[in-house]
Structures are given as structure tokens and as C-alpha cells.
Amino acid sequence: MLVSDVMSAFPAYIRLGATIRRAAELVSVSEVGQLMVLDHDGRFVGSVGEEELVRAMLPSFDEVAGGGGSLDDAFRLFLEKGRALAERIVDPLVARDTATVRPGDELARAAVVMVDREIRRLPVVDGGKLVGTLSRADLCRAVIYHS
């Protein structure tokens, strides 16, 4: 079985230069934890996940302690930091050394890569272009419907 047999052909993506606000909106509405990132020519360059977005907005321990130290203070600082970062570009948060697979790769190989590297969603790239993604849920579906 090949990656192309079970991959999602309509991946959630964002382009370099987009704002952190836009990335957060796309993560929210697409209900995926990781967005694929394309350059302005439509070539795959990496990914940005909800973890990177949240981590960028989290106040440090010193910020929380300096702001009063309570959970309410921490949440207020989280919101303030999020508002301050909202219009900045997402580019510094993009992981550019992302593992990828090709549509014609064996599904078992992709599954091993995902498990070994603890990857939840793997970009499917063909000739530098993003053509889909392969998620752990896609792997589960393959086992259920193709075994």
C-alpha cells in the first residue's frame, strides 16, 4: 500500500509571511495541530504546529512572577503576549527540517518514520510541492479498511 492510497489530499497550509494570528485561526478552524508552510512559489518549506504557536505566547516563569505570580496573572500575561505577537510573521516559528514522504512511498515506511520520530502529521511532497499530508489517523484508517 502506498502513501497516496490513504493520505489527505487537501492539507491545511499557510504561506511564509503570514501572521501568527492567521496561523492560529487556521489551526483552530482546520482542527489540525500542524500547518504545512509554503513559500510564495508554492514550494514546501516546513511546518508550524499549535505547540510552537502556544509556546511563543506563553509567558516565562520570570514574567509570571514579576506580574504577580497568580494563575490569573499568568493568563493575563498569556493574552497580552498573544495580542503583541498576533501581527508578527510566523516565519521564525517554522520548523524547516521536517521529515517528508513522497506519494509513491510505501505506507509501512512512512509509518515507521512517524513512530520513530514521534510525528503526528507527515507532509507528502512531490517535486518540492506539497500534495498532501499523512496523519496517524490516516494510518489507522488504512489498517481498518485495507486489512
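**Helix packing and a pocket**

Residues are numbered from 1 along each chain as its sequence is written, and side-chain values use heavy atoms, with hydrogens and water left out. As the model is predicted, local features need pLDDT of at least 70 and side-chain atom pairs count only at pLDDT 80 or more, while totals for chains, interfaces and linings use all residues.

**α6 and α7**

- Helix α6 covers residues 107–116 and helix α7 covers residues 136–146; their axes come within 11 Å and cross at roughly 140°.
- Axes here are lines fitted to C-alpha atoms, for helices over the stretch in contact, with angles from 0 to 180 degrees between N-to-C directions.
- Helices (H or I, at least four residues) and strands (E, at least two) are DSSP runs, numbered from the N terminus.
- On the α6 side, L107, A111 and M114 meet R136, L139 and A142 of α7, where contact means heavy atoms within 4.5 Å.
- Those contact residues split into 5 nonpolar, no polar and 1 charged; Ala, Val, Leu, Ile, Met, Phe, Trp, Tyr, Cys and Pro count as nonpolar, Asp, Glu, Lys and Arg as charged, and the others, Gly among them, as polar.

**α3 and α5**

- The axes of α3 and helix α5 (residues 71–85) come within 8 Å and cross at roughly 110°.
- That makes α3 roughly perpendicular to α5.
- V54, A56 and M57 from α3 meet F78, K81, G82 and L85 from α5.
- By class, this contact has 5 nonpolar residues, 1 polar and 1 charged.

**A closer look at A56**

- You'll find A56 in helix α3.
- Which residues does A56 touch, leaving aside its neighbours within four places in sequence? They are K81, L85 and L93.
- A56 and K81 are 25 residues apart along the chain, yet their C-alpha atoms are separated by 8.4 Å.

**The largest pocket**

- The lining of the largest pocket gets at least two residues each from β3 (44–49), α3 (50–57) and α7.
- Sorted by class, that lining has 6 nonpolar, 6 polar and 8 charged residues.

Methods:
Parallel < 35°, antiparallel > 145°, perpendicular 65-115°, else oblique.
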